Amino acid sequence: MATVLDDIIAGVREDLETRRRTLSLNEVREAAADRQPALDAFAALGGAANPRTELKVISEVKRRSPSKGDLAAIGDPAELARQYADGGAAVISVLTEQRRFNGSLADFDAVRAAVPTPLLRKDFTVDEYQIHEARAHGADLVLLIVAALDDAELKGFLELTHDLGMNALVETHTEEEIDRGLAAGARILGINVRNLKTLDVDRGVFGRLASRIPTGPVIVAESGVRSPEDVAEYAGLGANAVLVGEALVTHGSPRERIEEFQRAGAAAIAGRLAAH
């Protein structure tokens with residue numbers, strides 16, 4: 001039985017073939033090579049700090065989701081991104097998947113032109129074309145979902161991403177996927193607590209999976225962030241960063257909300273470090 005992820009990827013492949021007919025892989029490679037070097041998102045997320053005492057926020061430009069439907073119109077993604085940057089977002093994520101999330105590369109380009117912050121091209125990567133394409137549009141990170149890739153693809157895509165000077169958010173949902181991500185060499189590991197089959201969120205999953213990750217990779221908590229209390233819970237369990245979309249695009253002042261999340265996370269991290 002096909003999962004929600006399977007359905008999304010089928011659409012992604014169709015849309016990819018449409019773009020490939022317009023611009024060949026070689027042309028996209030050339031465009032990627034012409035960009036300025038990628039920003040160091042690993043460093044922006046506190047990757048080099050020891051210990052990591054700050055909670056970093058990856059703020060998402062997100063119009064809709066399969067689980068919640070329409071979230072926000074976002075008529076001006078560039079202005080939203082500027083608010084994110086002013087609030088101190090370490091990374092800004094821009095959805096480019098069209099069918100389920102109403103995103104686009106046009107949104108990404110608008111954000112890239114507006115802010116100097118590292119950008120994550122948030123899409124479902126299933127082909128090397130998309131990685132070159134992301135770099136061609138100025139992306140500093142791409143998303144690699146372990147559940148969508150076999151081991152050879154995961155390792156190959158991660159190596160290509162690093163060869164292009166970018167980083168990857170390697171997204172996991174299970175213990176097995178954590179182990180596969182680590183084996184592939186992930187430097188930024190996301191734990192998404194949303195079940196891919198039911199779309200239900202279980203924040204309790206985070207602590208169990210985070211405990212399997214050794215010191216080194218940046219640990220990103222994904223899904224289930226609604227309040228500073230949620231952020232504090234994740235940070236207390238080992239999160240170095242949180243990825244937040246809905247709670248920001250539906251809030252009246254996303255800049256202030258990011259600042260609240262950072263304060264709550266830093267306090268929880270301080271408590272965790274003091275306890276050890």
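At what angle do helix 4 and helix 12 pack, and how far apart are their axes? In this predicted model, in which residues are numbered from 1 along each chain as its sequence is written, local features need pLDDT of at least 70, side-chain atom pairs count only at pLDDT 80 or more, and totals for chains, interfaces and linings use all residues. Side-chain values use heavy atoms, with hydrogens and water left out.

Helix 4 (residues 77-87) packs with helix 12 (residues 254-275) at an angle of about 35 degrees, and the axes are 8 Å apart (lines fitted to C-alpha atoms over the stretch in contact, with angles from 0 to 180 degrees between N-to-C directions). Helices (H or I, at least four residues) and strands (E, at least two) are DSSP runs numbered from the N terminus. The contact (heavy atoms within 4.5 Å) involves L80, Q83, Y84, D86 and G87 of helix 4, together with P254, R255, I258, E259 and Q262 of helix 12.

In helix 8 (residues 175-184), the buried residues are E177, I178, R180, G181 and A184, where buried means under 20% relative accessible area and exposed over 50%, with partly exposed in between (1.4 Å probe, protein chains only). These residues lie on the same side of helix 8 because they cover an arc of only 165 degrees around the axis, taken from the directions from the helix axis to the C-beta atoms. E176 and A183, on the other side of helix 8, are exposed. The buried residues of helix 8 pack against helix 7 (151-163), strand 7 (167-172), strand 8 (188-192) and helix 9 (204-210). G185, which follows helix 8, has a positive phi, near 100 degrees.
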